[in-house]
Number of protein chains: 2
Amino acid sequence: MMDVIQNVKKEDWSVLTKRPTMDNGTLDDTVRSILSAVKRKKDAALKEFALQFDQVRLESLAVTPDEVKTAISLVSDELKEAINVARENIETFHSSQRIAEAMVETSSGVTCWRRSVAIEKVGLYIPGGSAPLFSTILMLGIPAKIAGCEEVILCTPCNAQGAINPAVLYTAHLIGIDKIYKVGGAQAIGAMAYGTETIPQVYKILGPGNQYVTKAKELVQLAGIAIDMPAGPSEVLVIADETGNPSFIAADLLSQAEHGPDSQVMVLSDNETVLNRTLQALEKQLDDLPRKEVARQALKNSKAVLLSSINECVEFSNQYAPEHLIIASKRARSLADNIKNAGSVFLGNYSCESAGDYASGTNHTLPTNGFARNYSGVSLDSFVKKITFQEVSQQGIKTIGKAIEIMAEAEQLIAHKNAVTIRLKEIEDV
Amino acid sequence: MMDVIQNVKKEDWSVLTKRPTMDNGTLDDTVRSILSAVKRKKDAALKEFALQFDQVRLESLAVTPDEVKTAISLVSDELKEAINVARENIETFHSSQRIAEAMVETSSGVTCWRRSVAIEKVGLYIPGGSAPLFSTILMLGIPAKIAGCEEVILCTPCNAQGAINPAVLYTAHLIGIDKIYKVGGAQAIGAMAYGTETIPQVYKILGPGNQYVTKAKELVQLAGIAIDMPAGPSEVLVIADETGNPSFIAADLLSQAEHGPDSQVMVLSDNETVLNRTLQALEKQLDDLPRKEVARQALKNSKAVLLSSINECVEFSNQYAPEHLIIASKRARSLADNIKNAGSVFLGNYSCESAGDYASGTNHTLPTNGFARNYSGVSLDSFVKKITFQEVSQQGIKTIGKAIEIMAEAEQLIAHKNAVTIRLKEIEDV
């Protein structure tokens, strides 16, 4: 299924680090017409699309308190407890990202500082489909609440009976999101971007989705709505040395591969035995998986690469820029210092990717498809703007005024210069 | 020229906070074809566009060390000194944004942390045109260097003689940027996005520009290149109470208005006398400006609004979300606490906008056009990704493993569960 690739020259790495290409050119028109319908006909359009795409006739788009109450009663205590473990860790880690910055006197009488201020209105999108992704509600909702966003709304599609998975409603309720709307797909993104009679307009939209959702996010971004990050298929890269555990690595590769047929998994090592044992373990574990056909498809895009040293593995990984990077080695900590491009990094044999997916405390909304080169994952930062402030005293304008006048004049912006001159003159005149 | 608007009901504020609309729909095709030519023909396309748009035949696109040396000798000592004042303050403030975050043990045996890692390759765009914007090189180049970006390149158009303004070359050299290319417009954005024989490809592009540049940045963003932020015309909003100085305010409004005919300036007060005196001072100061025709155009889009209280002014300003906000009041500090949406805030009568434009230390690349609701200005953050790390020990997986298993199963992701089960089992077996 997967073979070990070896003897690849460095100049040919780019062939291996390239992602499978996706063609979604034809999506554009479809999604544009959905967005345009939502903009014009608002709630009515959302209800029409629900009937057309999801075969459900909705009286009301908003989830009622009664529906939430029922959901709470349907979720097992065991799952509630598990969600709570995750919630606490995610809260702890994301709260630690709130750092008050000091005021800085840059010149005598010139004080500058920054303040993080919550984005007032944010919209979270949670896909429907086969699995209820309540964990993503924790990942997006918790930092939104810590940041202090005033309005946090959630859109997610319902099933043909008009119901949303109880774990989804329970989790939203748990973290204090009570504006939940039964709308999915590109139309949900449109609803949050433009607002409808029922669904409030937001300033930023976050959350995963299929190619329609992704395209819709791209298009509303051009209209001024911020989004979390560009999207792409999920992926993991494992760097293993002779201390890496092949069964664990195989399990991690499969946990990524089961996400979808377009997922990609990569394993790099300087040790051929570890690679071969990993591929053997992979075959063995694959057969027991309910989603084995999905995983098998994903493994076709996937690669095991033997390189000449662990440092070369790190270098290859930096070029690939994986969403998830597992360093299956006892030297993981020191190797991690050289990581330049990755979404989230998992150190050592016991740091499985699913720990970060659910409960270690880090965020699982991460840059994929090579975007780890230039984007960060979701964090508290995703829900704030950082506003700068400056206070220039009389002393301050005397200190830096001359420099401003000279620079403004050199840039031929005389009114900029005058704004300083008029102040300096007044100070002199007193 | 400007009249005081009064007695506006709160529900009608949205008419006043709306920006003049820009129509650049027809740009799309032009810019797409420029980008496509650069992608295919690389350097040759850049030279053709230089001839076509800028009437200059370029042998080489790269600025030579000799050209830089000549530029250094042409910049006056006075300007060099002024640039140095600005450089030091910008360095001081942006260095203070580098904060090492602590490691957090979220559960027993589960340690999470973040590390800021420089984006390896960034490209800065500096427009040409009438004024040489060397100050923007400081604003983009200094944080890029502090972040530790390995490759920082700069594109800027040359004049018809093939020369770049000496102050631009001097400033780039001062902060250690030595890869400077003579290319402007949408083609410069394409060159940095795709790479050419001469110009290296980058992962993120920052810098201001005309509507072609803006459109090109939008389009390459869709292809995975990060950009600083969406663009729009520059703007200032001043909140003044009875302690605000009308001449100073007028000077600040004009310093914004001279930027371009599409600039917008707003002044809000609870004091009619201050507003009237400001408008009188504005008329008086306008006549002496070299760019008075530009400023006069901009003032047509501009508004002076009398509101019932200073708190209402703050509320209006939050709704408008100005790029620059000046609080011309002795109570500026306490009013600033209530600012929710702004790019950069200037407190008190001596904090003119031009202080922040050049030398206070804050960044002048800021979200405009209402984007201060959902975007931050450029800062050290703009040049890094924040990578998360987690280290889960044997103890750690015992602590959170059960929760992961339960959640993964509830999301029907059995391979995710297995990755934990296989580890827990191994620990038990030992």
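**Labels and their cut-offs**

Guide: Let's start with a contact between chains: the charged end of Arg373(A) sits over the ring of Tyr203(B), 5.8 Å from its centre. This is a predicted model, in which local features need pLDDT of at least 70 and side-chain atom pairs pLDDT 80 or more, while totals for chains, interfaces and linings use all residues. Residues are numbered from 1 along each chain as written, chains are lettered from A and ligands numbered from 1 in written order, and side-chain values use heavy atoms, without hydrogens or water.

Visitor: What makes Arg373(A) count as sitting over the ring of Tyr203(B)?

Guide: The rule wants NZ of Lys or CZ of Arg within 6 Å of the ring centre and within 35 degrees of the ring normal. The 5.8 Å of Arg373(A) is within that distance. Arg19(A) meets the distance cut-off too, lying over the face of Tyr320(A) at 3.6 Å from the ring centre.

Visitor: Why is the pair of Phe49(A) and Phe53(A) called stacked?

Guide: Rings of Phe, Tyr and Trp (its six-membered ring) pair if their centres lie within 6.5 Å; planes under 30 degrees apart are stacked, over 60 edge-to-face, and the rest tilted. That rule gives 10 aromatic pairs over all chains. Phe49(A) and Phe53(A) have centres 5.5 Å apart and planes at 5°, hence stacked. They are 4 residues apart in helix 2 (residues 27-54) of chain A, so about one helical turn separates them. Helices here are DSSP runs (H or I, at least four residues), strands are runs of E of at least two, and both are numbered from the N terminus.

Visitor: How do you know whether Phe49(A) is buried or exposed?

Guide: Buried means under 20% relative accessible area, exposed over 50%, and partly exposed in between (1.4 Å probe, protein chains only). Phe49(A) has 10%, so it is buried. Phe53(A), at 38%, falls in the partly exposed range.

Visitor: What about Phe371(A) and Tyr375(A): what kind of pair do they form?

Guide: Edge-to-face, because their planes are at 90°, with the centres 5.9 Å apart. Phe371(A) is buried at 10%, and Tyr375(A) is buried at 15%.

Visitor: Why is helix 4 of chain A called oblique to helix 5 of chain A?

Guide: Helix 4 (residues 77-95) and helix 5 (residues 134-147) of chain A pack at about 40°, axes 10 Å apart. Axes are lines fitted to C-alpha atoms, for helices over the stretch in contact, with angles from 0 to 180 degrees between N-to-C directions. Under 35 degrees is roughly parallel, over 145 roughly antiparallel, 65 to 115 roughly perpendicular and the rest oblique. That leaves helix 4 of chain A oblique to helix 5 of chain A.

Visitor: What makes Ala355(A) buried?

Guide: Its relative accessibility is 0%, so Ala355(A) is buried. Ala355(A) is in helix 14 (residues 353-358) of chain A. Beyond four places in sequence, Ala355(A) contacts Ser360(A), Val392(B), Ile400(B) and Ile404(B).

Visitor: And why is helix 8 of chain B called mostly covered?

Guide: In helix 8 (residues 185-194) of chain B, 9 of the 10 residues are buried. Their cover includes helix 2 (27-41) and helix 9 (211-222) of chain B.

Notes:
Contact = heavy atoms within 4.5 Å.
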